[in-house]
Amino acid sequence: SKNCCGNMGVFQVVNHGIPQTVLDGMIDGIRDFNEQNIEEKKKYYTRDSKRMVKFLSNFDLFSSKTANWRDTLSISISDQIDRQELPASCRESTLEYSKHVSILGNTLLELLSEALGLKPDRLNNILECSKGHHISSHFYPPCPEPELTLGSTQHSDPGFLTILLQNEINGLQVLYQDQWVDIEPSRGGLVINIADLFH
C-alpha cells in the first residue's frame, strides 16, 4: 500500500502469480548448493566483482567490525547469461525463479509509478530493470557461539527494489520509528523492500 511504501518502506505481497513450487524450488536449490561438497562450492568462491556467479562469506570482511555469519551465493542475471555458469545444484530452480520474479518486479514498478502520479512504464523505462537483476541467496550455517554474532548486521539495501523470499525461519526485522519490528514469514508471501535509491 501507499502508506507502507511512504512510512515503512517494507510490505508483503501474496497472490503475486509466482507458483509455490517455484518458490520452494528456489529455496531447495540454494540449500542443495550449500550442503554439497566443499570442493564443488570452491569453484565459485571469489571476490571478483566482475564474475556473474560468486560464492562468498562476509562480503564486508575487511570493513566491518562484526562478521556476518552467513554464506552468500550471488548471481547477476542478464540477457547474456550463460546458463552453464550457474551451479548445477540450483541452475534450473534459479532460472525459473528469476523469470517469475522479473515479471513481478516490473509489475511492482508499474504500480509504484502510478502511485507517484507517473505513467505506468515510467520507472521501468528509467531504470531499465528488464535488462537484468541480481539474486543474493543467503545461507546461515550453525554457529558454535551464536550469541557472539548475527546472520546479517543492521543495513539498508543499496538498490531500488528488493524482493525477498524467506524460508519459514524467523529472524528478519525492520527498523520502524526507532523500534525493531519482526517480519513473520508467510508461506508463499514475498517481502518487498523499497531500497535506498527509491528513498
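Reply: Happy to; here are your questions about this chain, taken one at a time. This is a predicted model, in which local features need pLDDT of at least 70 and side-chain atom pairs count only at pLDDT 80 or more, while totals for chains, interfaces and linings use all residues. Residues are numbered from 1 along each chain as its sequence is written, and side-chain values use heavy atoms, with hydrogens and water left out.

Me: What makes up the secondary structure of the chain?

Reply: There are 5 helices and 8 strands, in the order α-β-α-α-β-β-α-α-β-β-β-β-β along the sequence. Both kinds are DSSP runs numbered from the N terminus: helices are H or I with at least four residues, strands are E with at least two.

Me: Why is Ser113 called buried?

Reply: Buried means under 20% relative accessible area, exposed means over 50%, and partly exposed is in between (1.4 Å probe, protein chains only). Ser113 has 0% relative accessibility, so Ser113 counts as buried. Across the 199 residues of the chain, 35% count as buried.

Me: And why is Asp24 called partly exposed?

Reply: Asp24, in helix 2 (residues 20–34), has a relative accessible area of 24%, so the label is partly exposed. The C-alpha atom of Asp24 is 8.8 Å from that of Gly188, although these residues are 164 residues apart along the chain.

Me: Which residues does Ser113 touch, not counting residues up to four places away in sequence?

Reply: Ser113 sits in helix 4 (residues 91–115) and touches Leu118, Lys119, Pro120, Arg122 and Leu123. Contact here means heavy atoms within 4.5 Å. A polar atom of the Ser113 side chain also lies 3.2 Å from the backbone nitrogen of Leu123.

Me: How do you know that strand 5 and strand 8 pair?

Reply: Two strands pair if DSSP finds at least two bridges between them. Strand 5 and strand 8 (residues 190–194) have 4 bridges, in the antiparallel sense, so they count as a pair. Within these strands, Leu161 stands opposite Ile194.

Me: What makes strand 1 and strand 5 edge strands?

Reply: The open sheet has 3 strands in the order 1-8-5, with antiparallel pairing. Strand 1 (10–13) and strand 5 (161–164) each pair on one side only. Neighbouring strands of this sheet are turned by 25° against each other on average, direction ignored. Helix 4 lies across strand 1, strand 5 and strand 8, and runs at about 135° to strand 5. For such angles, axes are lines fitted to C-alpha atoms, for helices over the stretch in contact, and the range is 0 to 180 degrees between N-to-C directions.

Me: Why is the pair of Phe33 and Tyr44 called edge-to-face?

Reply: Rings of Phe, Tyr and Trp (its six-membered ring) pair if their centres lie within 6.5 Å; planes under 30 degrees apart are stacked, over 60 edge-to-face, and the rest tilted. The structure holds 2 aromatic pairs. For Phe33 and Tyr44, the centres are 6.0 Å apart and the planes 65° apart, so this pair is edge-to-face. Phe33 is in helix 2 and Tyr44 in the loop between helix 3 (38–42) and strand 2 (53–57), so the pair ties together parts 11 residues apart in sequence. Tyr44, at 12% relative accessibility, counts as buried.

Me: What is the angle between the planes of Phe33 and Phe55?

Reply: The planes are at 75°, with 5.2 Å centre to centre, and this pair is edge-to-face. Phe55 lies in strand 2, so this pair ties together parts 22 residues apart in sequence. Phe33 and Phe55 are both buried, and Phe33, Tyr44 and Phe55 form one aromatic cluster.

Technical notes
A polar contact is a pair of N or O atoms within 3.5 Å; within protein, one must be able to donate a hydrogen and the other to accept it, and residues adjacent in sequence count only if both atoms are side-chain atoms.
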